[in-house]
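Keep the viewer open as you read.

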Amino acid sequence: RQQINHFERESRRYPAEQTIIARFAEQVARWPDQTAVIFEGVTLTYHELNVQANRLAHTLINHYDIQAEEPVGVLLDRSEWTAVALLGVLKAGGAYLPIDPASPPSRIDYIMEDTACRIVLSEEKYLERQTKGIDITQTLSDQTADPAEVGNGRSLAYIIYTSGSTG
């Protein structure tokens, strides 16, 4: 009842032309020392998450020449690195492509081929299975400044493949 009668009346217009990264930057500026990510004892503030995402974005831009809306695979177990990967890809202008590490190799190969994905952010234990993989923990740039923003609020942010059982 509270949700229907109270929360539904408090609507705000979402700034459709603003990017996810611009919205994130507002949060970083507003609460730099507040906790943004907690995973199994690892805590990242908004500032720390932003710095790590910037380092990854600069790596993707400078070493892999990621283009606007280009798919970048994210083949990671759940961890703080997942948040870094998703934001880093968006900051580089790419579109993140989450890939479940438990998927059969044929499924992963299909997703990679279907999206023409040429880079996969991964972790050491999955690199032997993935020839296009780079270890997200080892390949970060020293550049920590925000990269130039790419795209707008209508730019492709992600590509999702489902099992088909979700409709």
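What follows goes from the strands to a few single residues and then to a pocket.

## Ground rules

This is a predicted model: local features need pLDDT of at least 70, side-chain atom pairs count only at pLDDT 80 or more, and totals for chains, interfaces and linings use all residues. Residues are numbered from 1 along each chain as its sequence is written, and side-chain values use heavy atoms, with hydrogens and water left out.

Helices (H or I, at least four residues) and strands (E, at least two) are DSSP runs, numbered from the N terminus. Two strands pair if DSSP finds at least two bridges between them.

## The hairpin

Start with strand 1 (residues 35-39) and strand 2 (residues 42-45), which run antiparallel and are joined by 4 bridges. Within this pairing, Val37 stands opposite Leu44 in strand 2.

The hairpin has 2 residues between its strands. Glu40 sits in that loop between strand 1 and strand 2, and its phi is near 40°, a positive value in a residue other than glycine. Glu40 is exposed because its relative accessible area is 71% (buried means under 20%, exposed over 50%, partly exposed in between, with a 1.4 Å probe and protein chains only).

Now for the open sheet: 4 strands in the order 4-3-5-6, with parallel pairing. Its edge strands, each pairing on one side only, are strand 4 (95-98) and strand 6 (133-135). Neighbouring strands here are turned by 30° against each other on average, direction ignored (axes are lines fitted to C-alpha atoms, for helices over the stretch in contact, and angles run from 0 to 180 degrees between N-to-C directions).

Inside the sheet, strand 3 (residues 71-75) and strand 5 (residues 120-122) run parallel and are joined by 3 bridges; Gly73 stands opposite Val120 in strand 5. Helix 4 (residues 80-92) lies across strand 3, strand 4 and strand 5, and runs at about 150° to strand 4.

## Asn54, tucked away

Asn54 is part of helix 3 (residues 46-64). It counts as buried, because its relative accessibility is 1%. Its side chain makes a polar contact of 2.7 Å with the side chain of Lys91 (a pair of N or O atoms within 3.5 Å; within protein, one must be able to donate a hydrogen and the other to accept it, and residues adjacent in sequence count only if both atoms are side-chain atoms).

Leaving aside neighbours within four places in sequence, Asn54 is in contact (heavy atoms within 4.5 Å) with Lys91, Gln143, Thr144, Ala145, Asp146 and Pro147.

Gln67 is found in the loop between helix 3 and strand 3, and it is partly exposed, at 41% relative accessible area. Although Gln67 and Gly93 are 26 residues apart in sequence, their C-alpha atoms are 6.5 Å apart. Apart from neighbours within four places in sequence, Gln67 is in contact with Gly93 and Gly94.

Glu69 is in the loop between helix 3 and strand 3 too. Not a glycine, it still has a positive phi of about 65°, and at 37% relative accessibility it counts as partly exposed.

## The largest pocket

The largest pocket holds about 420 Å³ of space. Of the 18 residues that line it, the closest to its centre are Val74, Pro98, Ile99, Asp100 and Pro101. Helix 4, strand 4 and helix 5 (105-115) are the elements that give two or more residues to the lining.

Grid points are joined across faces, edges and corners, and a volume is the space filled by probe spheres set on the points.

Note on methods. 1 Å grid on protein atoms, 1.4 Å probe; cavity = no way out; pocket = protein on both sides within 12 Å on 5 of 7 lines; lining within 4 Å.
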